[in-house]
Amino acid sequence: MKLIFRPYSKTSFGLSLGLTVFYLSLLVIIPLSALFFKSATLGVSGLWEVFSEDRIQQALYLSFGAGGVAAIINLFVGFLFAWVLVRYNFPGKKILDSLVDLPFTLPTAVAGIALTTIYAPSGFIGKYLTPYGIKIAYTPIGIVIALVFIGFPFVVRTVQPILEDLPKELEESAYCLGASRFQTFTKVILPELVPSLLAGTSMAFARGIGEYGSVVFISGNLPGKTEILPLLIVTKLEQYEYAKATGIAVLMLVLSFMIMFGINYLQNRASRRLG
Amino acid sequence: MKAKSKNSILRSIANGIGALALISIFSLAAYAEDTLLNVSFDPTRELYEEINKKFVEAWKKKSGKDLTIQQSHGGSGKQARAVIDGLEADVVTLALAYDIDSIVSNSGAVSKDWEKAFPNHSTPYYSTIVFLVRKGNPKGIKDWDDVVKPGIGVITPNPKTSGGARWNYLAAWGFAKKQYKTEEKAIEFVRNLYKNTSVLDTGARGSTTTFVQRGIGDVLLAWENEAELALSESRKANGGNAQFEVVYPSTSILAETPVAIVEKVAAKKGTQEVAKAYLDFLYTKEGQEIIAKHFFRPNDAAILKANVAKFPKLNLFDVRSIEGSWAAAHKKHFADGGLFDSIYSEAKK
């Protein structure tokens, strides 16, 4: 038997690529193309009819709007969390660190029910806000809160490792060269973090658009006011309008893909500038 | 190298397909002959637990065979969709005829004239829509007219996603149509009803939670059995003093909850006979008594009369008398561009 040396990167590339492609088609490509085929049965005019429906447009603005607002809130809150967790030592830090992952593990329906209980007019927080005429549950604000909850670990967990790996010397030399604290932060630290911040925010955003479980409880589902897109898909399915349901799904897919593409472009540009 | 990698891609795909085929063969073999799957909607869970226990005993006595009955519960429409998509149910016991009709038209697994297969339009038990109000009825809600008054908070689920909500809607619609005669006034009535809502949950149980746990609204439109359940839960939690009251309106809808055999599946699994016996059992004295116990109204007049304290006499109208059929009612009210949609698109402007 003859032993041949092969660099590890070439080892059974064929098999691993085969498995990757097979899994990807089974889990992603085939189901998604089925989605397109099913919605194609509507035809262009049918699809257009779905998209131009009043309720769907309102839900579209709400889903993408609330998702966007929540993602931006998460950008700041998540960054603050990551900063605190990396830069400071304090008792209970480990617990705080593991609490961040809770929205990942918790079934979103549970989160939705818990949030609604707290923010409903009779709830723990809601009852102090109601006298001032502030309504949270059953309004778009409630939807944003639910989306902030389920999205914020994304930003924390993408920024945290980058922040940890940031060499101390970088800051020290900036400081020695006469940069102020603010300048050090904006000119030295922040640019390093921009790609990961963008990545985390876009993931939180993507998660928010598709979120169903936590939102249906807190939104109140009033047509044209607090209905989100995923709810409309369920609504169509409930009426056995499979094609229309997939039509909305395709709309979401295409829009999200375009937004993700844009964010990726920004992210690439940001990291290229660093390199 | 190139040819080799292509080969191994093919081989890995073939391996994967082989594994899938094996898995599906095993899962087919797992179907024993004497299992029955009853696909039903949410509030019947406890009812069928008891029915199944009694029927398994009766079946053992009659045929000497052991029987396992599996139950599946969920929103009625969701359950119907699962059957359409191939869930191997032997029988379906759903919340509205429209859902069974949809199985007929979308998959043909249930025969077209299922409604004639069993007595009473294949409805062994029924329910109705009543009001649940807060203790002492502070807003003085007695009938449908009180529900649509300005300033009353109404809790009902979204008819687009919930079968129970469609019954609520049709109950109000039927009342208004009988009371005010003209269609315009009935539309006005339903519009006023939905003006009073601030939350439309996706299902009946969700609405109960909103009303009972969150304390939102003055009146909950609910299935009779759901209202009774909320009442008894509240009694349990508050030492015998319920925080709510049930109000019976002057008239309401006869909420028919039909059953049917899924012939396609039963024929394939050879369970036609036991499936029929199972549904027949619901019509027997024993079955009807269990049904009454779980707050569904039994068909049997004598048993209904014996439980008159539980089920006060009500003026009930059915869907056929107000809209002709469920399919027509659905098309007119709940389909896209139907009356329910127009109520909300106008309210916005």
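Predicted model: local features only at pLDDT ≥ 70, side-chain atom pairs only at ≥ 80, totals over all residues.
Residues are numbered from 1 along each chain as its sequence is written, chains are lettered from A, and side-chain values use heavy atoms, leaving out hydrogens and water.

**Chain A: annotated spans**
- An unreviewed UniProt entry marks residues 20–48, 60–84, 104–124, 136–156 and 245–266 of chain A as "transmembrane region"; such annotations may be inferred rather than shown by experiment.
- Residues 20–48 of chain A are 93% helix and 0% strand, with end C-alpha atoms 36 Å apart; helices (H or I, at least four residues) and strands (E, at least two) are DSSP runs.
- Residues 60–84 of chain A come out as 100% helix and 0% strand, and their end C-alpha atoms are 35 Å apart.

**Chain B: a helix pair**
- Helix 3 (residues 76–84) of chain B packs against helix 4 (residues 97–107) of chain B at about 25°, with the axes 9 Å apart; axes are lines fitted to C-alpha atoms over the stretch in contact, and angles run from 0 to 180 degrees between N-to-C directions.
- That makes helix 3 of chain B roughly parallel to helix 4 of chain B (angles under 35 degrees).
- Among the residues that meet here are Ala80(B) and Val83(B) from helix 3 of chain B, and Asp99(B) and Ile103(B) from helix 4 of chain B.

**Chain B: domains**
- An automatic or database assignment gives chain B domain 1 (34–123 + 258–283) and domain 2 (127–255 + 316–348).
- The C-alpha centres of domain 1 and domain 2 of chain B sit 28 Å apart.
- Eight residues of domain 1 of chain B are in contact with ten residues of domain 2 of chain B (heavy atoms within 4.5 Å).

Terms used. Parallel < 35°, antiparallel > 145°, perpendicular 65-115°, else oblique.
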